[in-house]
2 protein chains.
Amino acid sequence: MIKVSVLYPNKEGSRFDMTYYCYTHIPLVRRLLGPALKGVSVEQGVGGQVPGSPAPYLAMGHLLFESVEAFQAAFGPQAQAILSDVPNYTNTQLVVQISEVKL
Amino acid sequence: MIKVSVLYPNKEGSRFDMTYYCYTHIPLVRRLLGPALKGVSVEQGVGGQVPGSPAPYLAMGHLLFESVEAFQAAFGPQAQAILSDVPNYTNTQLVVQISEVKL
C-alpha cells in the first residue's frame with residue numbers, strides 16, 4: 001500500500017480553510033479518483049516538538065492507494081481538476097510525499 | 001484524537017534504518033508508552049510530487065493518542081529513554097508535528 005501525503009507548510013501569511021478542505025475538496029477528490037482511492041485521513045496542525053511551539057504544517061492530507069501505478073493512473077487524468085481547486089482553500093506551497101506503508 | 005507525527009528529512013548524507021525503526025524502536029516506544037498509545041503507523045518515503053523526484057522525508061512515524069494531555073503524560077517520563085534510542089537508526093534532525101485528527 002502507498003500513501004500520498006500532502007503537507008501544507010505553516011508560514012507567515014499562510015491560510016488553510018479546514019472546513020472547505022474536509023467538506024468540499026476531499027469529497028471532490030473521492031469522486032474524481034473513485035475506487036482507486038482506498039482511504040483518506042486529514043489532520044490539522046496544533047503544535048510542534050516543544051510545548052507551545054507552532055506546528056510545522058497547517059494541515060496534512062493522506063491518501064491511500066494500492067500502488068504508485070494505481071495512484072498515477074487515477075490521479076493523472078484528474079490532476080488538473082483537483083489542483084485547480086487548491087487555491088479555494090489554501091495559499092500555501094504544498095509539499096507532496098509518496099510513501100510505502102511499512103506498519 | 002491527536003496524532004504525533006515524526007518526520008525524518010531527506011537531506012544529503014542522511015541515513016535511516018527502517019528495519020531497526022520498525023522492529024526495535026517502535027516496539028520500545030509501544031512498551032514505554034503503554035495503553036496511552038492508541039495506534040502507530042510508519043511510512044518510508046519513495047518519491048515527491050514530480051515522478052522521479054526524491055521524497056521530502058526518508059520516513060514518517062505517526063503515533064495516536066486520545067489528547068495532547070494524554071500524550072504529554074505518557075511521553076514526558078519516557079522522553080529520555082525514547083530519544084536516546086534515535087541515534088541508533090538515524091542521523092537526521094527530526095521534525096515533530098502534533099495534529100488533531102479531522103477525518
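**Asking around a two-chain model**

Trainee: Does A:T90 count as buried or exposed?
Mentor: Before the answer, note that this is a predicted model, where local features need pLDDT of at least 70, side-chain atom pairs count only at pLDDT 80 or more, and totals for chains, interfaces and linings use all residues, while side-chain values use heavy atoms, leaving out hydrogens and water. Residues are numbered from 1 along each chain as its sequence is written, and chains are lettered from A and ligands numbered from 1 in the order in which they are written. The scale goes buried (under 20% relative accessible area), partly exposed (in between) and exposed (over 50%), with a 1.4 Å probe and protein chains only. A:T90 has 4% relative accessibility, so the label is buried.

Trainee: Which residues does A:T90 touch, skipping those up to four places away in sequence?
Mentor: A:T90 sits in the loop between α3 (79-83) and β4 (95-101) of chain A; helices (H or I, at least four residues) and strands (E, at least two) are DSSP runs, numbered from the N terminus. Its C-alpha is 9.6 Å from that of A:Y20, 70 residues apart in sequence. With contact meaning heavy atoms within 4.5 Å, A:T90 touches A:Y8, A:R15 and A:F16.

Trainee: What is the relative accessible area of B:Y89?
Mentor: B:Y89 lies in the loop between α3 (79-83) and β4 (95-101) of chain B. Leaving aside residues up to four places away, B:Y89 touches B:Y8, B:R15, B:F16, B:D17, B:Y20, B:Y21 and B:H25. B:Y89 is buried, and the relative accessible area comes to 0%.

Trainee: Where does A:A73 sit, and does this residue count as buried or exposed?
Mentor: A:A73 belongs to helix α2 (residues 68-75) of chain A. The C-alpha atoms of A:A73 and A:V40, 33 residues apart along the chain, are separated by 18 Å. At 55% relative accessibility, A:A73 is exposed.

Trainee: How far apart are the C-alpha atoms of B:G34 and B:F75?
Mentor: B:G34 is in the loop between α1 (18-33) and β2 (39-47) of chain B. With a relative accessible area of 27%, B:G34 is partly exposed. B:G34 and B:F75 are 41 residues apart in sequence, but C-alpha to C-alpha the gap is 9.9 Å.

Trainee: What radius of gyration does chain A have?
Mentor: The C-alpha trace spans about 40 × 35 × 20 Å along its principal axes. The radius is taken over C-alpha atoms, and the globule rule is 2.2 Å times the number of residues to the power 0.38. For 103 residues a compact globule would come out near 13 Å, which agrees with the value for chain A, 14 Å.

Trainee: What share of the contacts in chain A with a separation of 6 or more links residues 24 or more positions apart?
Mentor: For background, 46% of the 103 residues of chain A count as buried. As for those contacts, the share from residues 24 or more positions apart is 76%.
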